[in-house]
Amino acid sequence: MNKKLENLVDNLMKGKCGLLYQYLNEIEDLIHDSLTPQKIMLHYNIQEIHKNRCKCIIHNGDNNTSLQFTNKGFKCHSCNSTGTLLEFIRLASNLKTLNDAKIYATNNFTNINLPFFDVEDYKSKTKLAIINKFEITGSYITKDYYDISLLPNGYCNFKDNKVEKSTENIIIKSDANNKVLLDQELTKLEQEEIKNMACLNILNHSIMLLVVN
Ligand SMILES: [Zn+2]
């Protein structure tokens with residue numbers, strides 16, 4: 001990947017990741033509304049012994065009732081792990097972050113099907129889509145990639161002015177930096193050339209003086 005394309009992808013990815021986090025925040029209530037202890041126990045194949053009490057699959061203990069669910073969260077009376085139902089999903093599915101848990105919960109507990117399974121997967125698929133589009137269009141204009149979206153209903157940079165603006169700012173700033181760097185580079189090269197020319201002139205002049213004398 002050339003440096004210019006690398007910069008384009010990096011800048012676009014900042015915006016695309018921002019959109020993902022914003023989207024996940026927006027659907028957080030919907031995710032929480034779709035989660036119940038019963039659905040979670042069914043999904044992880046955990047047998048309910050008493051009401052909302054079961055074996056803890058986080059520490060994998062023998063006590064059949066150490067884990068207790070409430071409508072909002074869980075607590076294990078053996079290993080003391082506690083948190084929201086989303087946090088339970090993160091632990092039970094071995095996911096790195098809460099955003100990964102949100103993606104997992106969306107795909108498994110809501111009607112929404114996201115075409116990626118965690119944040120890393122979202123990043124690599126989005127990056128691939130950008131590079132594929134670049135190979136077709138050859139465009140370095142960031143706006144040409146705003147329509148690329150793995151999020152539902154065309155949730156993309158066009159739709160949200162705030163994100164579009166902030167993405168734009170990052171890009172303008174970095175473009176400006178690149179331009180300054182490029183200008184400095186050119187000036188440096190030009191100065192080098194001028195210096196060389198001057199040296200050559202002095203040398204020529206010296207030779208001429210030598211010859212004349
Ligand atoms: Zn436990």
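## Briefing: a predicted helix-and-strand model

The protein has a mean pLDDT of 82, with 74% of its residues at 70 or more; pLDDT is the predictor's confidence in each residue, from 0 to 100. This is a predicted model, so to speak of local features we need pLDDT of at least 70, side-chain atom pairs count only at pLDDT 80 or more, and totals for chains, interfaces and linings use all residues. Residues are numbered from 1 along each chain as its sequence is written.

**Overall layout**

- You get 7 helices and 5 strands, which are DSSP runs numbered from the N terminus (helices are H or I, at least four residues; strands are E, at least two).
- From the N terminus, the elements go α-α-α-β-β-β-β-β-α-α-α-α.
- Of the 213 residues, 20% count as buried, i.e. 20 or more other C-beta atoms lie within 10 Å of the residue's own, with C-beta atoms placed from the backbone (exposed is 12 or fewer, partly exposed is in between).
- Among contacts with a separation of 6 or more, 40% link residues 24 or more positions apart.

**The sheet**

- The 5 strands make an open, antiparallel sheet in the order β1-β2-β3-β4-β5, where pairing takes at least two DSSP bridges between two strands.
- β1 (48-50) and β5 (82-84) are the edges: each has a single partner strand, so one side of each has no neighbour in the sheet.
- Helix α4 (residues 85-92) packs on the sheet, touching β4 (73-76) and β5, and its direction makes about 115 degrees with that of β5; axes are lines fitted to C-alpha atoms, for helices over the stretch in contact, and angles run from 0 to 180 degrees between N-to-C directions.
- β1 pairs with β2 (residues 53-54) in the antiparallel sense over 2 bridges, and His-50 sits opposite Arg-53 in β2.

**Two helices checked for length**

- Helix α1 (residues 3-26) has 24 residues, so at 1.5 Å a residue it should span 34 Å; its end C-alpha atoms are 35 Å apart, which agrees. The expected span is 1.5 Å times one less than the number of residues.
- Buried residues in α1 include Leu-8, Leu-12, Lys-16 and Tyr-23.
- Helix α6 (residues 119-137), with 19 residues, should span 27 Å, and its end C-alpha atoms are 27 Å apart, in agreement.
- Gly-138 follows α6 and has a positive phi, near 65 degrees.

Key
Two residues are in contact if their C-beta atoms, placed from the backbone, lie within 7 Å.
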